[in-house]
Amino acid sequence: MINLKTTDDVERSVIFLEDWKSGLYFEIDETPMVDWKKGDYILWKNDTLHMAENLGKENRYTMQVTEIV
C-alpha cells in the first residue's frame, strides 16, 4: 500500500498515441493544445487544471500515467 503525504507527491501525464485529428482537444493550465503528433506528451502536477474533449467523428487514443514522486 502507498502512503501519500500530500497530493503534491503526484504527477500526471498524457501521451498521445496518434497524430491530432479535427475535433480533438486538450487544454492544460488554460492553454489549448491541438496539432499534436504521435508520441508527444504533456506532464503536470496533480492540481494543474486540465481537460480533454472529443468533438470529432473518430476515437481519441491516449495513455495516461499517474506517478508518485
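Two residues are in contact when heavy atoms of theirs lie within 4.5 Å. The structure described here is a predicted model.

Apart from its neighbours within four places in sequence, Leu24 is in contact with Val34, Trp36, Glu53, Asn54, Glu58 and Arg60. Leu24 also belongs to the largest nonpolar core, which has 8 residues: Val14, Phe16, Leu24, Phe26, Ile28, Trp36, Ile42 and Trp44. Strand S1 (10-16), strand S2 (24-28) and strand S4 (41-45) each give two or more residues to this core. The largest share, 3 residues, comes from S2.

The charged side chains come next. The structure holds 3 salt bridges. In one of them Lys45 pairs with Glu11, and the closest N and O atoms are 3.4 Å apart. Lys45 lies in strand S4 and Glu11 in strand S1, so this pair ties together parts that are 34 residues apart in sequence. Lys45 counts as partly exposed because its relative accessibility is 37%. Glu11, at 27%, is also partly exposed.

Lys21 forms a salt bridge with Glu58, with the closest N and O atoms 3.1 Å apart. This pair links distant parts of the chain, 37 residues apart: Lys21 is in the loop between S1 and S2, while Glu58 is in the loop between strand S5 (50-54) and strand S6 (62-68). Lys21 meets Glu18 in a salt bridge as well, at 3.4 Å from N to O. Through shared partners, Glu18, Lys21 and Glu58 are joined into one network.

Conventions
Residues numbered from 1 in each chain as written. Predicted model: local features only at pLDDT ≥ 70, side-chain atom pairs only at ≥ 80, totals over all residues. Heavy atoms only, no water. Core = buried A, V, L, I, M, F, W, Y, C linked by side-chain atoms within 4.5 Å. Buried < 20%, exposed > 50% of the residue type's maximum accessible area, 1.4 Å probe, protein only. Helix = DSSP H or I, 4+ residues; strand = E, 2+ residues; numbered from the N terminus. Salt bridge = Lys/Arg side-chain N within 4 Å of Asp/Glu carboxyl O.
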